[in-house]
Amino acid sequence: MVDLNEALQNKKGGIFIVSNIADKNAIDSAINQHQLRQLDGKTEQEQSDLLLKQITRSNQLTCYSINTDIAFNIDHFIAEVEKSAYQAQSSSKDSTSTDKNYDPLFIISLDENDKEQYSAAIRDALISRNYTAYIASIASGYNTVAEAQKKLRDGFFQALVAVYRNPDNKFQNFLDALRKSHTPLISSGLPSLDKALNGGLDAQLYVLGAPSSIGKTTFALQFTDHIAAQQNYVLYFALEMSANQLYAKTLNRLSYIDSNYGVNYSDELPTPDVSTILHGSLKKTWPKGSNTLLILSKALEQSGDLSQYKRIYDDYDLQRPTISQIKKYVTEFVIHNPIKPVVIIDYLQLIQSEPENSRETDKQRITNAIVQLKALSRAYHIPIVVISSFNRSAYNDVNADMTAFKESGDIDYSAEVLMTLNYDFSKTKIDNVEGMHDKGFKGKTVQQWLNETKGDVREAFNIAKRQTTRYITLNILKNRFGAIPAPTTLITKPQHDIFYAINSKGKVEKPKADIKNLIALKDNRIIYADKQSNDM
């Protein structure tokens with residue numbers, strides 16, 4: 001029989017098992033039963049010696065129970081745990097446990113229903129206070145510790161000892177993951193892109209790199225809105241644009257879709273775009289009864305529905321944030337919501353250094369940020385999509401590869417999936433010749449201009465940026481858990497903040513207004529109403 005007093009002791013500061021109330025009772029019951037069995041057949045003196053050891057052991061092993069109140073004040077919870085730990089220290093008769101070497105061991109073992117939502121937050125909070133903490137499963141194969149104690153009987157105590165002896169049992173964690181039902185992949189809204197991503201977004205780190213002004217934010221925001229339309233939460237960290245600007249881009253795209261891709265806009269009125277939406281009076285620009293105003297009204301309703309699942313953090317909330325500030329927002333969301341979010345970082349290079357690392361280089365800053373974002377994705381099992389700029393040497397490279405991320409931190413090493421967007425000069429036609437010396441290239445491709453004029457590639461980029469319809473190539477340079485697919489051809493119309501995809505058969509895939517089954521927001525939904533007197 002395992003000697004309880006030897007098997008479950010940490011002389012540096014005790015063992016604290018963090019669980020819920022029902023599981024605490026199950027653990028206490030298993031320990032008490034084990035204690036009673038140890039007394040069987042012993043002499044009175046032997047029983048007295050064992051009981052003395054068990055009293056000493058009671059100061060070593062504590063099961064700290066929690067309930068869902070942790071979701072509202074994790075700092076208070078950690079303070080209570082620390083208080084209990086130091087009370088145990090002060091009451092211990094073990095003279096070796098001093099303030100200098102005090103090192104309690106925390107084993108976080110929650111029910112399967114709570115494990116992923118709370119465990120990482122508790123562990124990170126303890127580790128940030130320089131404690132030793134592990135997430136472990138005492139009840140592997142069972143939903144709760146109480147269920148495991150009931151079914152395993154004597155074997156439960158052995159499981160308890162095994163967890164203490166190896167709390168960081170990664171193979172057991174792997175087995176536990178295999179037992180769980182598979183989390184569905186999250187669609188981007190474009191079937192060709194989903195196919196390139198092995199079916200959609202998984203719980204891993206994605207990095208999307210591109211030169212400036214190609215539409216990185218527009219592209220990320222479009223699949224953000226599609227994810228929200230499927231009632232999945234998205235946390236969008238907008239470090240470059242304001243929330244109002246992003247909402248205007250969403251409204252602009254949805255109204256374009258609702259207008260049958262521009263066909264049903266009022267011919268005699270301005271076509272909506274972000275600038276007009278943000279700076280114009282909607283009722284004055286598009287009068288009552290006009291098709292365009294009716295379309296915008298519907299799109300505004302859809303945007304309101306999406307906002308329930310799309311959380312935007314802009315410079316009003318975070319001015320050039322550190323990675324720890326971003327982690328805090330994500331952690332607070334996770335412990336308040338059972339549905340896991342997708343996290344979008346727009347964009348990586350604007351994340352600041354931590355105050356204690358203020359002298360680090362830009363490369364070190366980006367490396368630290370990307371490594372911690374990867375750890376965050378793993379801790380909470382969530383997809384994180386990070387938008388990144390290229391290094392300067394790749395700004396005008398239409399065939400940018402992994403070297404475009406060099407000197408920008410360890411992006412290419414840390415990302416599970418590394419993607420790039422770049423112009424396809426061979427398909428982008430010149431319909432806007434403004435600023436061009438030779439107007440005769442209208443209707444020709446940018447590549448034809450480049451070949452015939454022997455022009456500069458940088459100027460070719462500038463020409464491509466001015467076109468109303470641009471062809472973009474999406475390349476997946478790295479796919480840690482899958483094959484490297486063929487490039488995906490995209491079409492973007494910047495005026496309407498929209499991206500299409502072209503599938504392998506040459507068919508254009510257009511995003512749809514797929515806002516469905518969302519809880520309706522009943523008030524203040526319509527742009528124009530007779531009872532409203534204020535201009536919009």
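The legends below describe close-up views of a predicted model. Residues are numbered from 1 along each chain as its sequence is written, and side-chain values use heavy atoms, with hydrogens and water left out. Because the model is predicted, local features need pLDDT of at least 70 and side-chain atom pairs count only at pLDDT 80 or more, while totals for chains, interfaces and linings use all residues.

**View 1. The largest pocket and its lining.**
The largest pocket holds about 2,100 Å³ of space. A pocket is found on a 1 Å grid over the protein atoms alone, as an open set of points where a 1.4 Å probe fits, with protein on both sides within 12 Å along at least five of seven lines; lining residues have an atom within 4 Å of a point. Grid points are joined across faces, edges and corners, and the volume is the space filled by probe spheres set on the points. The lining has 50 residues, and those nearest the centre of the pocket are Glu116, Lys180, Lys340, Arg378 and His381. By class, 24 lining residues are nonpolar, 12 are polar and 14 are charged. Here Ala, Val, Leu, Ile, Met, Phe, Trp, Tyr, Cys and Pro count as nonpolar, Asp, Glu, Lys and Arg as charged, and the others, Gly among them, as polar. Helix 5 (112-128), strand 4 (132-135), helix 8 and helix 16 (362-380) each supply at least two lining residues. Helix 5 gives the most, with 11 residues. Helices (H or I, at least four residues) and strands (E, at least two) are DSSP runs, numbered from the N terminus.

**View 2. A salt-bridge network that includes Arg378.**
Lys374, Arg378, Glu416 and Arg480 are linked in a network of salt bridges. A salt bridge is a side-chain nitrogen of Lys or Arg within 4 Å of a carboxyl oxygen of Asp or Glu. Glu416 and Lys374 meet through their side chains at 3.6 Å, N to O. This pair links distant parts of the chain, 42 residues apart: Lys374 is in helix 16, and Glu416 is in the loop between helix 17 (411-414) and strand 10 (417-423). Glu416 counts as buried because its relative accessibility is 4%, and Lys374 is buried with a relative accessible area of 14%. Buried means under 20% relative accessible area, exposed over 50%, and partly exposed in between (1.4 Å probe, protein chains only).

**View 3. Two further salt bridges.**
The search of the whole structure finds 13 salt bridges. In one of them, Lys170 pairs with Asp168, and the closest N and O atoms are 2.6 Å apart. Lys170 is exposed at 55% relative accessibility, whereas Asp168 is partly exposed at 35%. Asp456 and Arg458 form another, with 3.1 Å between the closest N and O atoms. Asp456 is partly exposed, with a relative accessible area of 38%, and Arg458 is exposed, with 52%.

**View 4. A nonpolar surface patch that includes Phe171.**
Phe171, Phe174 and Leu178 make a nonpolar surface patch of about 350 Å². Patches are made of residues with over 30% relative accessible area and no salt bridge; like charges are joined within 9 Å and nonpolar side chains (Val, Leu, Ile, Met, Phe, Trp, Tyr) within 5 Å. Accessible areas come from the Shrake-Rupley method with a 1.4 Å probe, and for residues only the protein chains shown count as cover. Phe171 lies in helix 8 (residues 170-179). Phe171 counts as exposed because its relative accessibility is 54%.

A cis peptide bond, with omega of about 10 degrees, joins Asp346 and Tyr347. Gln231 is not a glycine but has a positive phi of about 65 degrees.

**View 5. Ala238 and Ile344.**
Ala238 is placed in strand 6 and is buried, with a relative accessible area of 1%. Ala238 and Ile344 are 106 residues apart in sequence, and their C-alpha atoms are 8.3 Å apart in space.
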